[in-house]
Amino acid sequence: MKRNEILKTVDHTLLAQTAVWDEIRVICDDAIAYGTASVCIPPSFIKKAKEYVGDKMKLCTVIGFPNGYSTSEVKEFETKNALLNGADEIDMVVNLGDVKEGNDDKVIEEIRLLKKACGDKILKVIVETCLLTEEEKIRMCRAVTEAGADFIKTSTGFSTGGAAFEDVELFKKHVGEGVKIKAAGGIASFDDAERFLSLGADRLGTSRLIKIMKEE
């Protein structure tokens with residue numbers, strides 16, 4: 001694939017705890033210049049970023065991030081607030097304790113609640129694959145499908161590991177029709193990006209590809 005085609009699948013991301021507006025502004029500018037799918041930033045910057053980019057770039061933000069153990073009501077409020085401030089896409093983190101306890105119905109209920117809040121906006125569900133067994137990953141594919149979310153996403157990038165080729169392959173086998181896949185965390189080269197896409201990913205979460213472009 002050509003690099004510009006790969007960049008169209010990228011959520012250009014900056015979620016560092018120490019991020020400041022000047023850094024957010026730069027990644028917004030870069031996302032527009034390089035034609036990424038969206039820019040993924042902390043919710044506290046969404047309102048200012050929307051005023052800055054207008055309709056030039058989709059804005060993505062994170063909910064229940066990075067640990068996922070906020071209550072469903074808090075996640076719902078976060079989601080509605082982010083959308084009110086101008087977010088176009090929402091990346092939520094599931095409650096991993098519920099996953100470990102086998103409370104899939106509770107996970108599904110929460111995803112449905114946030115999807116209802118999103119309406120026609122995109123909802124991506126982060127399941128943090130590095131902390132799950134294969135059986136749990138398969139269950140989450142089913143949960144995300146049943147709940148009606150738009151994407152299943154591998155990772156926050158804030159835990160013990162990021163996207164892995166084998167997880168994208170597993171997701172591709174087990175998600176239902178209409179559910180897309182986002183690989184995120186540790187994608188450091190265009191070769192890796194292309195492989196993730198060839199295995200079935202539809203979206204990539206990374207900041208490194210544009211960094212590569214700017215350094216060349």
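Angles under 35 degrees count as roughly parallel, over 145 as roughly antiparallel, 65 to 115 as roughly perpendicular and the rest as oblique. With that in hand, welcome to this predicted model, in which local features need pLDDT of at least 70, side-chain atom pairs count only at pLDDT 80 or more, and totals for chains, interfaces and linings use all residues. Residues are numbered from 1 along each chain as its sequence is written, and side-chain values use heavy atoms, with hydrogens and water left out. Helices (H or I, at least four residues) and strands (E, at least two) are DSSP runs, numbered from the N terminus.

**Helix packing**

- Two packed helices are described by the angle between their axes and the distance between the axes. Here the axes are lines fitted to C-alpha atoms, for helices over the stretch in contact, and angles run from 0 to 180 degrees between N-to-C directions.
- Helix α2 (residues 21-34) packs on helix α3 (residues 46-53) at about 45 degrees, the axes being 11 Å apart; α2 and α3 are therefore oblique to each other.
- In contact (heavy atoms within 4.5 Å) are W21, R25, C28, D29 and I32 of α2 with K48, A49, Y52 and V53 of α3.
- That α2 and α3 contact has 6 nonpolar, no polar and 3 charged residues. For these classes, Ala, Val, Leu, Ile, Met, Phe, Trp, Tyr, Cys and Pro count as nonpolar, Asp, Glu, Lys and Arg as charged, and the others, Gly among them, as polar.
- Helix α4 (residues 72-85) and helix α6 (residues 104-118) have axes 9 Å apart at an angle of about 20 degrees, which makes α4 roughly parallel to α6. Their crossing is right-handed.
- From α4, S72, K75, E76, T79, K80 and L83 meet E110, L113, L114, A117 and C118 of α6; by class there are 5 nonpolar, 2 polar and 4 charged residues.
- Helix α7 (residues 134-147) and helix α8 (residues 165-174) bring their axes within 9 Å, crossing at roughly 45 degrees, and are therefore oblique to each other. The α7 and α8 crossing is right-handed.
- E134, K137, I138 and C141 of α7 make this contact with D167, L170, F171 and H174 of α8, a set of 4 nonpolar, 1 polar and 3 charged residues.

**Annotated site**

- An unreviewed UniProt entry places the feature "active site" at D91, K153 and K182. UniProt positions are given in the numbering used here, feature names are shortened, and annotations may be inferred rather than shown by experiment.
- These residues span 92 residues in sequence, yet no two of their C-alpha atoms are more than 10.1 Å apart, so they gather at one spot.
- D91 has its place in strand β4 (residues 89-93).

**Backbone details**

- The F65 to P66 peptide bond is cis, with omega near -5 degrees, and P66 lies in the loop between β3 (59-63) and α4.
- E128 is not a glycine, although its phi is positive at about 50 degrees. The loop between β5 (122-126) and α7 holds E128.

Note on methods:
Left-handed = near helix turned anticlockwise from the far one by under 90°.
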